[in-house]
Amino acid sequence: MSENKLSFRALQLANEQRTAYGLRYNDFTRYRKHCANRTHRLRSTLKTTHGKGREFKKLPPLSTDNIKDGHLELLLFESERAWAYSQDLVTQSLQPPNEDQAGTLRHSATGRFRRAVHWSTQLLSHCQSLYAFSRLSAEGLMQITIYTLILNGRFLRYRDNFEDAVIQLSVARHLLDELADRAATSRDQALATVFADEIGPEIRYCAHELGRERAYDVDAIAAELSEKHRGEIVEGCDALIQKFRLEGEVAGKGEGRKKLATLMWEGQPVPVRNPELVDVLLRVQEAEAKITQSREPARAVGTSDKGRKGKSGGHGSKKGVAAYDAILLALSDAEEMARKLVEAQQNSGSSSTSAAGTRDIHFVHAYIVYQLLSRRIQRDLLLVSALLTSHRPQTSAKAKKEHVDARLYPAVVKLLDTVIQSLAQMRNLSIVDESPDLASAVEARLTFTKARKCSYLAQCYVAVKKYAEALSLIQHATIYLRETRSTLSIFSEDPISSGSPAYYPLTTSDLDGLESIITQDGLTIKNEWFAHNGGSIDADNKTYKKPLFFDIALNYVQLDMDRLQERAGRAPAPALVPVQAAPAPARSRLAEVARPETPEPQAPARGGLSSLLEGWWGRK
């Protein structure tokens with residue numbers, strides 16, 4: 001008999017079809033057409049049609065032995081089709097153009113609603129027979145029982161029979177809580193939570209109409225009424241619950257449960273109340289577990305400029321960077337799913353169906369976006385570390401004259417620009433804005449990353465001999481670094497560095513290291529600029545002439561050696577007094593007779609062209 005055991009789960013099937021075919025946006029017309037097409041396909045597959053043409057073929061009665069999953073699905077879709085049609089008619093009756101036909105539409109909606117209850121009751125009777133023959137599990141019977149109770153309760157509320165409606169819905173809420181508490185997987189737990197959130201406002205409305213004082217306390221009302229009436233409403237309710245618990249224990253021992261770890265934010269759990277969201281978050285959890293098992297806990301390496309000094313982190317490798325692709329892909333899917341849920345809630349115009357005081361889907365979406373941005377920042381920082389490690393300079397003296405790859409610093413600047421963009425998006429999130437310490441921590445990382453970007457961008461300008469722009473960027477980096485120090489001094493404990501994982505740790509030593517590098521780079525740029533064109537903005541290196549510098553100044557400066565020796569304590573040698581020469585004796589007149597002057601030799605006379613040219617140049 002175990003080989004013929006059915007695995008029919010009414011709530012799971014109904015939730016999947018509703019979310020996929022229009023009910024996420026309250027499009028009952030689309031969902032009704034989908035249910036009609038699905039019932040036609042099921043009838044053709046099961047060969048339960050009524051013949052062709054005018055010949056009517058009566059269907060054979062269903063027995064417990066020959067019933068299949070398809071027969072149960074057919075009854076479920078018939079019920080969903082009638083219920084969706086009734087809701088569509090109710091929506092049409094509320095529109096102003098159909099004001100004259102509102103009564104007729106509401107009457108038709110009541111008939112369709114009653115037909116939906118009929119199909120669900122027929123489905124419940126078949127499931128009870130299958131459960132009695134051990135062809136259906138206790139969980140399957142509980143789900144179809146909950147489905148029937150919810151449909152009955154809504155029909156009674158529609159007929160303004162609030163007393164019976166609140167009893168039916170309260171018993172269904174009790175069974176849903178039991179499913180959520182004993183769920184084998186987190187998806188089953190979220191599935192039960194979704195239906196419990198849907199009927200919560202209806203229980204509150206019925207209790208308000210009945211005049212209850214604490215109508216807002218849905219949990220207390222459901223516990224009180226289900227304790228009194230669950231035995232009357234559900235046949236063998238206690239035995240069914242006990243059987244379900246035993247099956248859950250056996251299933252938990254036989255196979256591992258896909259449980260989603262509790263998501264925490266500021267010491268409080270983050271509720272995940274949607275099955276589709278649970279699936280993608282489970283993939284995120286599995287990706288994180290693989291990284292934790294294969295490597296050390298992920299930490300952001302490269303927040304300081306150690307890569308420029310030749311020190312590399314343990315995670316700055318291509319393999320370590322590629323490990324984040326699975327997490328980012330899963331988080332992107334989770335963000336897309338959460339965004340669709342938020343848009344569906346906004347477009348439908350309905351408020352949150354979660355319990356009062358709990359965090360809604362808007363908070364969950366902001367939390368997922370924060371996790372996505374944090375992982376993206378961590379990945380980009382690892383890429384920066386990997387680039388700087390692969391191009392680290394040597395420690396020898398010759399390495400100072402060597403130039404790094406021209407593509408290195410532009411690539412690092414582009415990655416840091418992506419980090420800045422992610423931090424700016426993170427700063428605008430509502431969950432970050434509501435936490436002053438976290439907002440200040442994000443601001444500190446934003447200004448610190450801008451300082452690093454300016455530092456590396458200055459090196460890009462140095463490579464093309466634009467020293468004025470490089471010095472301006474160094475000054476901007478200094479200002480950003482000063483802002484970072486001021487921001488970090490506001491709070492005592494850094495929520496990002498102390499979080500798990502610490503995707504962007506930032507300490508005082510990182511600030512000191514970056515400040516020393518910026519100071520050193522500024523001095524180096526100034527020296528290179530002066531050696532290039534003397535520190536001029538407009539002068540070109542080709543037309544610029546360096547000023548003359550003489551190593552031996554004694555050849556060009558008048559130096560008073562006597563004064564230097566006197567100050568040094570060495571007396572100069574005494575100057576020699578010149579002796580006057582005796583006057584020469586007078587010569588006789590005979591000796592003073594003038595002699596004729598010696599004639600100067602004259603050049604021979606030249607003629608022709610040479611004499612003419614010499615005349616032009618002033619020669620004689």
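Predicted model: local features only at pLDDT ≥ 70, side-chain atom pairs only at ≥ 80, totals over all residues.
Trainee: How many helices and strands does the protein have, and what share of its residues is buried?

Mentor: The secondary structure comes to 20 helices and 2 strands. Of the contacts with a separation of 6 or more, 75% are between residues 24 or more positions apart. The protein exposes about 37,400 Å², with carbon and sulfur atoms supplying 51% of that area, while among its 620 residues the buried share is 42%.

Trainee: Which residues touch the most other members of the largest nonpolar core?

Mentor: Phe 8 touches residues that include Leu 13, Leu 72, Leu 76, Leu 123 and Leu 136, once residues up to four places away in sequence are set aside. In the largest core, which has 67 residues, the two that touch the most other members are Phe 8 and Leu 176.

Trainee: Ser 120 is in a helix; which backbone oxygen lies 2.8 Å from a polar atom of its side chain?

Mentor: Ser 120 has its place in helix α4 (residues 102–132), and it counts as buried because its relative accessibility is 0%. Beyond four places in sequence, Ser 120 touches Ser 79, Tyr 147, Thr 148 and Leu 151. The oxygen at 2.8 Å from a polar atom of the Ser 120 side chain is the backbone oxygen of Val 117.

Trainee: And at what distance does the side chain of Ser 170 reach the backbone oxygen of Val 166?

Mentor: Ser 170 lies in helix α6 (residues 162–181), and with a relative accessibility of 0% it therefore counts as buried. Leaving aside neighbours within four places in sequence, Ser 170 is in contact with Ile 203, Ile 221, Ala 222, Leu 225 and Ser 226. The side chain of Ser 170 reaches the backbone oxygen of Val 166 at 2.6 Å.

Trainee: Arg 154 forms a salt bridge with Glu 202; how many residues apart in sequence are the parts that this pair ties together?

Mentor: The closest N and O atoms of Arg 154 and Glu 202 are 2.9 Å apart. Arg 154 counts as buried because its relative accessibility is 10%, and Glu 202 is likewise buried, with a relative accessible area of 11%. Since Arg 154 lies in helix α5 (residues 138–158) and Glu 202 in helix α7 (residues 186–209), the pair ties together parts whose separation in sequence is 48 residues.

Trainee: Which residues are linked with Arg 154 and Glu 202 in a network of salt bridges?

Mentor: Side chains of opposite charge can pair when their charged atoms come close. The count of salt bridges in this model comes to 32, and the network that holds Arg 154 and Glu 202 also links Arg 157 and Glu 198.

Trainee: Asp 197 forms a salt bridge with Arg 273; where does each of the two residues lie?

Mentor: The closest N and O atoms of this pair are 2.6 Å apart. Asp 197 is buried, with a relative accessible area of 9%, whereas Arg 273 is partly exposed at 25%. The pair ties together parts that are 76 residues apart in sequence, because Asp 197 lies in helix α7 and Arg 273 in the loop between β2 and α10 (275–294).

Definitions and conventions: Residues numbered from 1 in each chain as written. Heavy atoms only, no water. Core = buried A, V, L, I, M, F, W, Y, C linked by side-chain atoms within 4.5 Å. Buried < 20%, exposed > 50% of the residue type's maximum accessible area, 1.4 Å probe, protein only. Contact = heavy atoms within 4.5 Å. Helix = DSSP H or I, 4+ residues; strand = E, 2+ residues; numbered from the N terminus. Polar contact = N/O pair within 3.5 Å; in protein donor to acceptor, adjacent residues only side chain to side chain. Areas by Shrake-Rupley, 256 points an atom, 1.4 Å probe, with all protein chains shown as cover. Salt bridge = Lys/Arg side-chain N within 4 Å of Asp/Glu carboxyl O.
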